[in-house]
Amino acid sequence: MSKQKREPTFWEAMIPVLFLIIMLSVNVGFVFREDAISGSNQIILILSATVAALIALRTGIQWEELQDGIVKSISASMSAILILLLIGSLAGTWLLSGIVPAMIYYGLQILNPTIFLFAATIICAVVSLATGSSWSTVATVGIALLGIGKALGLSEGLIGGAIISGAYFGDKMSPLSDTTNLAPAMAGTDLFTHIRYMVYTTVPSIIITLIIFLVIGFTSDTATVTGGIDEVLASIDSAFNINGWLFIVPALVIFMIVRKVPALPALLAGTLLGGLFAIIFQPQALQQVAGGETGALGAYIAVMKALYTDISITTDNEMVNNLLSTGGMYGMLNTVWLIICAMIFGGVMESAGMLQRITKSIVKLAHSTGSLIASTGFTSIFFNFTASDQYLAIVVPGRMYAETYKERGLKPEVLSRTLEDTGTVTSVLIPWNTCGATQASVLGVATFVYAPFAFFCIISPLMTMAFGFLNIKIHRYDDDEVEKEIVIEKNA
């Protein structure tokens with residue numbers, strides 16, 4: 001006879017979360033440090049899921065329910081995993097074809113260290129706004145900007161922070177973005193009301209971010225790094241046939257995404273075109289990667305290696321050698337492993353009702369408008385931390401808080417803005433979240449390295465909470481609108 005099911009207590013629901021936080025803190029902070037993503041963090045997530053499952057069984061949940069929850073959670077992340085694998089291959093063929101080296105080559109001649117972080121943020125913001133995809137932005141212009149910044153002598157953390165800040169500003173404000181469409185759908189408002197309302201908090205956040213990057217640029221000592229740029233340019237020029245035709249491929253990918261071609265076919269097209277352009281323009285690089293093999297066989301070997309494994313182009317400049325290497329699809333496997341383990345933990349926590357139990361307790365503490373907005377924000381961040389998925393960080397709090405916002409006379413755009421200002425942008429700051437793990441893997445910069453400098457992603461949630469507590473631009477129903485809502489609900 002099966003045990004009668006009951007809701008977990010608050011502390012039962014918190015035990016797996018506390019276990020996860022403590023173990024990851026020890027793992028990342030003291031033991032494995034930057035190497036934690038290579039496997040130890042994955043094991044911690046599995047152990048945390050085990051703790052959650054043992055507590056869930058104690059509350060009467062059947063193992064079959066937990067298993068279904070795990071499968072459902074992993075299934076929800078499959079699109080992200082497939083995109084991640086394709087991005088690995090795209091990075092390989094874009095390196096081999098000279099696309100990324102060309103971006104670095106021309107970028108070094110245009111940008112200088114003083115304004116680089118400011119410019120990188122704006123470039124990523126524009127591309128992400130046009131495409132609606134932070135992932136595509138980081139995987140294309142982001143990789144090139146990272147190479148340019150490193151060649152200019154800037155730290156990886158600062159460059160990564162600028163790239164992430166711009167990419168997530170554009171993703172958050174673009175009508176083409178999936179999260180920008182998801183948040184108003186969960187809250188019950190329309191897309192363009194949601195975007196217009198986000199302007200109040202998002203524009204100040206990006207302005208502050210740009211000012212910080214300008215201050216850093218003008219106060220840093222950059223005179224010592226500009227002298228080596230000519231050597232870098234000469235090394236890239238000697239290894240690749242650099243020309244403007246190479247930009248046809250990224251332009252086509254951006255065009256496809258703007259035209260709402262789904263991410264997977266758009267990235268696949270970009271990957272294959274990269275391989276084709278490598279064959280057309282880079283015979284020297286092909287021969288080096290193919291181990292000296294020439295002709296059709298050499299081209300096949302080189303392009304295939306770029307798609308699936310580590311490749312590097314060797315020059316006489318050590319700094320350039322560090323820029324001209326990538327891991328292909330194989331380089332993404334640790335991140336895929338991390339995402340699967342994170343979704344196992346999130347699946348157990350959700351199917352056992354533990355996430356819902358924790359958030360229910362948080363709602364009870366929200367008495368004022370400011371505290372309600374702050375509670376919503378922290379709930380979204382909590383789901384990013386525990387469920388490891390930005391979509392769950394928008395969907396679940398959106399469902400939970402929608403009625404409460406309405407009861408307190410707050411229009412749905414207040415909720416949708418809060419979900420975006422907190423759920424979307426903080427996902428990239430958490431190493432085991434699908435977003436944080438992906439961007440760290442794509443850029444080759446650990447999440448904890450770039451996170452302190454992703455100023456936009458840090459400022460956005462603080463800005464929306466400050467607006468709530470200070471009662472700035474908080475849209476409320478007037479009496480006529482409340483009566484209209486009641487009539488609509490009665491007729492529904």
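Trainee: Which side chain does Asp 421 meet in a salt bridge?

Mentor: That of Lys 172, with 2.5 Å from N to O. A salt bridge here is a side-chain nitrogen of Lys or Arg within 4 Å of a carboxyl oxygen of Asp or Glu.

Trainee: What kind of model is this, and which pLDDT limits apply?

Mentor: This is a predicted model, in which local features need pLDDT of at least 70 and side-chain atom pairs count only at pLDDT 80 or more, while totals for chains, interfaces and linings use all residues. Residues are numbered from 1 along each chain as its sequence is written, and side-chain values use heavy atoms, with hydrogens and water left out.

Trainee: Back to Asp 421 and Lys 172. Where do they sit in the chain?

Mentor: Asp 421 is in helix α21 (residues 412-426) and Lys 172 is in helix α8 (residues 156-173). The pair links distant parts of the chain, 249 residues apart. Helices are DSSP runs of H or I with at least four residues, strands are runs of E with at least two, and both are numbered from the N terminus.

Trainee: Are those two buried or exposed?

Mentor: Both Asp 421 and Lys 172 are buried. Buried means under 20% relative accessible area, exposed means over 50%, and partly exposed is in between, with a 1.4 Å probe and protein chains only.

Trainee: How many salt bridges does that rule give?

Mentor: Six. One of them joins Glu 65 to Lys 5, with the closest N and O atoms 2.8 Å apart. That pair also links distant parts of the chain: Glu 65 is in helix α3 (residues 63-76), Lys 5 is in the segment before α1 (10-31), and they are 60 residues apart.

Trainee: Why does Glu 65 count as partly exposed?

Mentor: Because its relative accessibility is 29%. Lys 5 is also partly exposed, at 47%.

Trainee: And what does Glu 12 pair with?

Mentor: Glu 12 and Arg 58 meet through their side chains in a salt bridge, 2.7 Å from N to O. Glu 12 is in helix α1 and Arg 58 in helix α2 (residues 40-58), 46 residues apart. Glu 12 is buried, with a relative accessible area of 8%, whereas Arg 58 counts as exposed at 51%.

Trainee: Which residues are linked with Glu 12 in a network?

Mentor: Arg 6 and Arg 58; salt bridges link the three.

Trainee: What about charge overall: how many positive and negative side chains?

Mentor: There are 24 positive and 33 negative ones, and the centres of the two sets lie 11 Å apart. Lys and Arg count as positive, Asp and Glu as negative, and His and the chain ends are not counted. Each charge is placed at NZ of Lys, CZ of Arg, CG of Asp or CD of Glu.

Trainee: Changing topic. How many helices and strands are there?

Mentor: The protein has 25 helices and two strands.

Trainee: What share of the residues counts as buried?

Mentor: 58% of the 492 residues.

Trainee: And Ser 380, buried or exposed?

Mentor: Ser 380 is buried, at 0% relative accessibility. It lies in helix α19 (residues 369-386). Setting aside neighbours within four places in sequence, Ser 380 is in contact with Ala 393, Pro 397, Leu 419, Thr 422 and Gly 423. Contact means heavy atoms within 4.5 Å.

Trainee: What does Phe 32 contact, on that basis?

Mentor: Asn 27 and Ser 40. Phe 32 lies in the loop between α1 and α2, and at 41% relative accessibility it counts as partly exposed.

Trainee: Last one: what is the phi of Asn 471?

Mentor: Positive, about 60°, although Asn 471 is not a glycine. Most residues other than glycine have a negative phi. Asn 471 lies in the loop between α24 (455-469) and α25 (479-491), and is partly exposed at 45%. Lys 473 is found in the loop between α24 and α25 too, with a positive phi of about 50°.
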